[in-house]
Amino acid sequence: MKYAKPVLFLFFLSFHCAYPQSFAPVKDAVALQKKIIEASAKIFTIQCDFTQEKNMSMLKDKAVSKGKFYFSKPGKVRLDYQQPVKNLIVMNNGKILMKDDKKMTQTDMHRSKMFQQLNNIIVGSINGSLYSGKDFTVSLTESNSAVKVE
């Protein structure tokens, strides 16, 4: 898909530890995926801080944004950007609302393939459906204390 890599890159929230980790391929990916899906069935809401890093060829340094992430089943997503500028993105019931300091727009998500994919990545990462989708290839690696999904 044309937008798959940029969208994956733009959204995947990076939760970094203060120390470097060494990741190796998961020994039993099917068992791990099953475990993730079972655990995600018990999750109804998520709230966390996030750091988003974007590397773009036109910029010398990576662009870093920070904010709060909210998720509520079955698929309501809120990205509340706090730094470097305040922006809000809410995806719910096939609609996307975007708000910055100047304006607020609401759009049917089905009009934008990029926003559809973004929503699919976020919700699919949480409920486990990303592993069985045909739009993306998922790679699982693990360290002694974490699993990385790319």
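Is Met-56 buried, partly exposed or exposed, and what is its relative accessible area? Met-56 is partly exposed because its relative accessible area is 31%, where buried means under 20%, exposed means over 50%, and partly exposed is in between, with a 1.4 Å probe and protein chains only.

Some ground rules. This is a predicted model, in which local features need pLDDT of at least 70 and side-chain atom pairs count only at pLDDT 80 or more, while totals for chains, interfaces and linings use all residues. Residues are numbered from 1 along each chain as its sequence is written, and side-chain values use heavy atoms, with hydrogens and water left out.

Now the overall layout. The chain has three helices and nine strands; helices (H or I, at least four residues) and strands (E, at least two) are DSSP runs, numbered from the N terminus. Read from the N terminus, the order is α-β-α-β-β-β-β-β-β-α-β-β. Of the 150 residues in the chain, 29% are buried. Among contacts (heavy atoms within 4.5 Å) with a separation of 6 or more, 44% are between residues 24 or more positions apart.

Back to Met-56. Met-56 sits in the loop between strand S2 (45-54) and strand S3 (63-72). Together with Met-58 and Leu-59, Met-56 forms a nonpolar patch on the surface, with about 300 Å² of accessible area in total. Patches are made of residues with over 30% relative accessible area and no salt bridge, with like charges joined within 9 Å and nonpolar side chains (Val, Leu, Ile, Met, Phe, Trp, Tyr) within 5 Å. A salt bridge is a side-chain nitrogen of Lys or Arg within 4 Å of a carboxyl oxygen of Asp or Glu.

Next, some backbone details in the loops. Lys-73 and Pro-74 are joined by a cis peptide bond, with omega about 10°, and Pro-74 is in the loop between S3 and strand S4 (76-83). The bond from Gln-83 to Pro-84 is also cis, with omega near 0°; Pro-84 lies in the loop between S4 and strand S5 (87-92). Asn-93 is not a glycine, yet its phi is positive, about 50°. Asn-93 is in the loop between S5 and strand S6 (95-99) and counts as exposed because its relative accessibility is 71%.

On to helix H3. H3 (residues 113-127) has 15 residues and spans 20 Å from its first C-alpha to its last, close to the 21 Å expected at 1.5 Å a residue; the expected span is 1.5 Å times one less than the number of residues. Its buried residues include Phe-115, Leu-118, Ile-122 and Ile-126. Gly-128 follows H3 and has a positive phi, near 90°.

Ser-125 is also in H3, and is partly exposed because its relative accessible area is 29%. Ser-125 and Val-149 are 24 residues apart in sequence and 8.7 Å apart in space, C-alpha to C-alpha.

Last, Ser-143. Ser-143 is in the loop between strand S8 (140-142) and strand S9 (147-149). Ser-143 counts as buried because its relative accessibility is 16%. The side chain of Ser-143 reaches the backbone nitrogen of Ser-145 at 3.2 Å.

Terms used. A polar contact is a pair of N or O atoms within 3.5 Å; within protein, one must be able to donate a hydrogen and the other to accept it, and residues adjacent in sequence count only if both atoms are side-chain atoms. Accessible areas come from the Shrake-Rupley method with a 1.4 Å probe; for residues, only the protein chains shown count as cover.
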